[in-house]
Amino acid sequence: MKPQTINFENKLKDYQIVGVSMATIEDACISKTDCFGFLEAGTNRRVEHDSIFHACSISKFFTSILVMTLSEQGILDIDRDINECLSSWKVPLNSLGIITLRHLLSHHSGIVDPECSFSEILSMSDTASMVEILEGKTPYCEIPIEVKYKPGSEFSYSDAGFCVIQLVIEDIMGKSFEEVMEKYLFLPLQLNNSTFQLPASKDQFSCGHTKDGGLVAGKYPIYPYPAASGLWTTPTDVALLVIEWMNAIKGKSNLLSTINAKELLTPQFEKEWMGLGVFRGTHEIGIEVSSLGWGVGFQGMMVAYPNEGAGLVIMTNTDTGVHQLKGLIGEVYRAYY
């Protein structure tokens with residue numbers, strides 16, 4: 001790891017970011033946490049080490065670990081036809097081939113998200129079900145989900161695919177996705193600051209902000225698809241999950257076997273850059289695995305080097321309008337690695 005050379009107070013001003021929180025991983029342990037700025041612009045609510053940010057699509061990393069944990073216990077088979085698992089909804093029959101959890105986790109299912117779909121919740125009283133969303137009966141997805149091309153043949157990043165994963169888990173387990181995540185990941189790993197629900201008191205929670213520093217509508221954006229983008233958490237909790245995964249790769253976990261842990265970073269469908277729920281890359285210090293989160297009012301990044309036991313989790317409460325690597329998150333990443 002390179003030495004840190006960033007003046008964060010100045011950089012927050014340069015990039016017009018209201019608040020940032022970070023956790024650094026070294027030797028498969030959290031070596032440092034840092035926090036700067038505020039949870040809500042115009043207030044004295046400072047970012048603390050246990051402040052909770054919206055993870056956005058980093059939720060998919062949690063979902064992927066959950067799927068592999070359930071696979072470990074023989075509850076799920078990632079290579080089984082998902083229509084054999086689904087009872088409340090079925091992937092429309094097609095002649096292109098069956099879809100498996102492996103297809104869905106690696107965004108190779110043949111499902112393509114309809115344009116302008118999967119936005120934040122429109123009303124706190126909204127009760128749209130996952131089946132209604134997948135059937136195209138809600139404003140979040142106005143076109144029924146279907147397979148557009150042969151599963152395994154092409155990559156298409158898909159929130160709908162993770163909605164299907166959520167439904168598979170709920171149909172098999174007979175419980176909500178949130179309950180299953182709580183039982184199999186949050187409680188065993190003591191991820192005490194991870195949740196899919198906003199409490200009445202939000203003192204610990206960060207508001208979302210626009211690129212000019214203003215508050216987003218509703219302050220705390222919610223997405224009605226937990227498995228794809230619904231997680232609220234801290235960099236520390238994300239780092240703890242990363243560390244558990246790293247330990248599993250080395251056979252030191254009660255959660256996952258080495259085989260299932262390594263499956264996440266194995267290239268899928270001949271794409272060297274795609275694992276199961278994570279993206280792969282190469283770096284001078286080893287295989288690099290990443291997960292990015294970008295949504296209304298928030299941006300974040302998890303990057304890990306599992307063979308080296310190193311990593312970094314950065315979460316900000318501002319949507320700067322540019323890709324993470326072109327803003328503060330990218331500058332921090334390059335300063336560290």
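His107 is placed in the loop that runs between α3 (101-105) and α4 (130-134). In this predicted model, His107 has a positive phi of about 60 degrees although it is not a glycine. Most residues other than glycine have a negative phi. The relative accessibility of His107 is 3%, and because buried means under 20%, His107 counts as buried.

A positive phi is also found at Glu270, where the angle is near 65 degrees, again in a residue other than glycine. Glu270 belongs to the loop between α9 (258-263) and β5 (279-283). At a relative accessibility of 82%, Glu270 counts as exposed, the cut-off for that class being over 50%.

Gly74, which follows α2, has a positive phi near 80 degrees.

With a relative accessibility of 12%, Glu288 counts as buried. When neighbours within four places in sequence are left aside, the contacts of Glu288 are Phe279, Arg280, Gly281, His283, Val303, Ala304, Tyr305 and Tyr333.

At the level of the whole chain, 10 helices and eight strands are present. The radius of gyration is 19 Å, close to the 20 Å that the globule rule gives for 337 residues, so the chain is as compact as a globular protein of that length. The C-alpha trace spans about 55 × 45 × 35 Å along its principal axes. Of the 337 residues, 58% count as buried, and among contacts between residues at least 6 apart in sequence, 67% join residues at least 24 apart.

The accessible surface of the chain comes to about 13,900 Å², and carbon and sulfur atoms account for 49% of this area. The chain carries 25 positive and 40 negative side chains, the centres of the two sets lying 3 Å apart.

Conventions: Residues are numbered from 1 along each chain as its sequence is written. This is a predicted model: local features need pLDDT of at least 70, side-chain atom pairs count only at pLDDT 80 or more; totals for chains, interfaces and linings use all residues. Side-chain values use heavy atoms; hydrogens and water are left out. Helices (H or I, at least four residues) and strands (E, at least two) are DSSP runs, numbered from the N terminus. The radius of gyration is taken over C-alpha atoms; the globule rule is 2.2 Å times the number of residues to the power 0.38. Buried means under 20% relative accessible area, exposed over 50%, partly exposed in between (1.4 Å probe, protein chains only). Contact means heavy atoms within 4.5 Å. Accessible areas come from the Shrake-Rupley method with a 1.4 Å probe; for residues, only the protein chains shown count as cover. Lys and Arg count as positive and Asp and Glu as negative; His and the chain ends are not counted. The place of a charge is taken as NZ of Lys, CZ of Arg, CG of Asp or CD of Glu.
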